[in-house]
Amino acid sequence: MDMQGYFTTKSLALSAKLAAGSVLTISRVVAGSGKTQTTAAALPGPCQTLAVNSPTQSGNTATIPATLAAASASGSYTLTELGVYANDPDEGEILYKIYKLSNPVIITAGSQTVLRFYLEETVSEDLNVAVSCSPAGLITEEKFSHVRDKVMATNRMTAVTRTLAAGELQAFLDSLPRLLTGNVTVNVSGTLTEALSLHNFYGPGFLTVQAAENETFTLTKGLKGSNCAVSMILRGLTFTSAEGNTGDVLYFADCGAVYLDTCTVTGSGQDTGIFTDRHNQISANSCQFSQLNNVMIVRNNGMVWINCDSADDCHDNQVGAWVSHGGIVLLGGSTPNQLGGSYNKKQGGMIVKADGTLL
């Protein structure tokens, strides 16, 4: 919104002291509903004190961020001006400057309205500007700066490659930043007897978990992935399910792109190979699925593309694909129509054969 700033009569005396080396210390910024004259000692219609954060300075311009949160107002009012108060080394607090809004704004107490002002002051390059007032419980610029720096950063995280034993994998994944701007590749060997968890990763990078070269990586309690917007690659993994297990070997919810490559899933006869819910996109290339109650359950706009090298890669299953609520399964290569099961289930979803026709 447009504003025009006016120095007060009191500020003229302070300006001379600033030129002599004093620090410009802002003590508070107040929202008002009046029409204050530059000769006034204070706003005649103060309505609310704003949260003010640390200033930034570029050349001879200092920018002071101030936030007006209507939820903190004691009553509703019409915002017409902002009064900036500063500390005079001789007189104490004075009304330093008045910013008048070109168009008044109605502030409704208790509403969710939040207005952000960036008040610019022209100062000499060697003048120090400080803020002595409290941010009134709101997040300060200092506390938020590290988040802003990450969001605005132009450099990418360096690619990371690790070779780990199965028991070291979860701790390593938990130590990674949730924002992956580079590619992380983990080569793993051994047997993991706890469920592997992949949660809350995001960013333009890739997360690859694969069996180490000439080694096997076996997971006996499956894998759970949720709320991951980063692309994930699972390559050469062996999933086995203990007798009596009725859960999901691979579970994905609210994930983006997941690539399964040359993985083997062997169930207990009572469990589900892949369960995907809510918008996941999964590709299963050159994978094998056997001894499962359901090879896959695809729900809520999820999609799975499965491409088997041989019809024998899916066998001894009960139900092949079970689609519902907009779930889609695309069959490719030599994938059998029932995925090695006796039948498929459809409840508001579709299954597409390799030639493009519907099952």
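This is a predicted model: local features need pLDDT of at least 70, side-chain atom pairs count only at pLDDT 80 or more; totals for chains, interfaces and linings use all residues.

A: Residues are numbered from 1 along each chain as its sequence is written, and side-chain values use heavy atoms, with hydrogens and water left out.

Q: How many salt bridges does the structure hold?

A: Side chains of opposite charge can pair when their charged atoms come close. A salt bridge here is a side-chain nitrogen of Lys or Arg within 4 Å of a carboxyl oxygen of Asp or Glu. The structure holds 6 of them.

Q: What do the side chains of E91 and K10 form?

A: They meet in a salt bridge, 2.8 Å from N to O. E91 sits in the loop between strand 7 (77-88) and strand 8, and K10 in helix 1 (residues 9-19), so this pair ties together parts 81 residues apart in sequence. Helices (H or I, at least four residues) and strands (E, at least two) are DSSP runs, numbered from the N terminus.

Q: Is E81 buried or exposed?

A: Buried means under 20% relative accessible area, exposed over 50%, and partly exposed in between (1.4 Å probe, protein chains only). E81 is buried, at 0%, while K100 is partly exposed, at 25%. Their side chains meet in a salt bridge (3.2 Å, N to O).

Q: Which residues does L101 touch?

A: Contact means heavy atoms within 4.5 Å. Leaving out residues up to four places away in sequence, L101 touches M1, D2, M3, L79, T80 and E81. L101 lies in strand 8 (residues 92-107) and counts as buried at 10% relative accessibility.
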